[in-house]
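I opened my notebook to look up aromatic pairs and nonpolar cores. Here is what I wrote down.

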Amino acid sequence: MKIVFFGTPQFAVPTLEKLLNHSEFEVLAVVTQPDKRRERGNKLTPTPVKAITTAHNLPVWQPERVKKDTETLTKLKELDADVFVVVAYGQILSAKILKMPKLACINVHGSILPKYRGAAPIQWCLYNGESETGITTMLMDVGMDTGAMLQIATTPIGLLDNAQDLAERLAAIGGDLLVETLLKLERQEIQPIPQDNLAATYAPLIQKPDYALDWSKSAMQLHNQIRGFYPNCTATFRNNLLKITASAPLGSVGDCDLPPELQELLHKLPDLSNTLDKPGVVVSIIKGIGAIVQTGEGLLLLREVQLAGKRPQSGWDFVNGSRLTVGEVFGTGS
């Protein structure tokens with residue numbers, strides 16, 4: 001099966017590697033986003049997909065707008081591919097491109113469709129506190145993730161999973177599922193299933209205001225925001241911006257999912273509940289672990305934070321380095 005691969009971030013790499021290493025498939029070329037300049041040194045950095053592709057000496061095309069790039073469109077047509085595979089490419093393919101392959105254009109999407117159509121399905125499913133997600137392979141059409149579904153693979157979401165953890169797991173699942181989908185499609189063993197548009201939800205691009213932590217929210221809501229939009233959620237501390245990159249809600253329905261060292265904290269919660277304070281106030285400091293902060297509902301343990309210009313550090317290292325004390329207040333992020 002002759003394939004053209006469209007993809008850009010690290011999430012797409014495992015799927016590309018599966019195709020490159022499978023005897024039944026021949027990757028003819030790869031289309032990825034243009035290189036971007038790094039903040040430091042202003043050097044052009046290739047996309048993760050391009051970095052993998054160059055090691056295999058494959059043609060790599062990086063049009064600014066693929067559907068308007070006549071040179072790329074001509075090359076794609078001339079390849080006469082059986083399938084176009086799209087994994088987090090980052091551009092919308094036109095109807096003209098979708099009609100080029102002999103069999104189909106297939107997308108590997110990071111959710112159980114029709115839930116979380118759009119650009120950031122992994123982040124928003126965590127933000128919304130889902131207990132399960134997955135990968136859907138689907139036939140592409142001109143809509144935003146609206147095509148008929150081919151296969152679905154699911155995975156549970158742990159209480160402490162963040163967007164990076166989940167993306168890595170889903171990327172591996174996606175590679176295996178795509179291989180299975182392509183082989184079954186070639187043998188005509190798959191019957192596409194139309195999506196239920198009434199059940200659809202959307203996962204738009206994340207905007208800067210989405211990162212701001214508001215301590216009047218519940219501990220579980222804040223925890224889901226921190227892990228969903230990892231590693232960029234912000235609070236203020238002593239009039240400076242502070243990223244909170246890992247947390248744990250205490251006294252929640254997910255207590256059974258906490259690791260053993262955090263389970264031990266639950267024995268202290270009855271005492272802490274008697275010191276109910278305003279949202280954002282540090283109500284306790286647990287030696288060797290970190291600070292516990294009052295929220296609008298429940299308590300939130302700060303497991304990892306990052307000061308501006310510094311590397312991430314454990315909650316306990318932050319307590320020691322800043323000489324944090326009970327009663328200090330974290331403010332809303334920006």
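My entries follow, starting with the ground rules.

I am working from a predicted model, where local features need pLDDT of at least 70, side-chain atom pairs count only at pLDDT 80 or more, and totals for chains, interfaces and linings use all residues. Residues are numbered from 1 along each chain as its sequence is written, and side-chain values use heavy atoms, with hydrogens and water left out.

**Aromatic pairs.** I paired rings of Phe, Tyr and Trp (its six-membered ring) with centres within 6.5 Å, calling planes under 30 degrees apart stacked, over 60 edge-to-face and the rest tilted. That rule gave me 10 aromatic pairs. I looked at Trp124 and Phe229: their centres are 5.0 Å apart and their planes at 80 degrees, so I noted the pair as edge-to-face. I found Trp124 buried at 13% relative accessibility and Phe229 buried at 2% (buried is under 20% relative accessible area, exposed over 50%, partly exposed in between, with a 1.4 Å probe and protein chains only). Next I checked Phe237 and Phe318, also an edge-to-face pair, at 5.2 Å centre to centre and 65 degrees between the planes. Both Phe237 and Phe318 are buried. I also noted one aromatic cluster formed by Trp124, Tyr127, Tyr211 and Phe229.

**Cores.** I took a nonpolar core as buried Ala, Val, Leu, Ile, Met, Phe, Trp, Tyr and Cys residues joined through side-chain atoms within 4.5 Å. The largest has 62 residues, and Trp215 and Ile244 are among those touching the most other members. Apart from that core lies another of 18 residues, including Phe6 and Met100.
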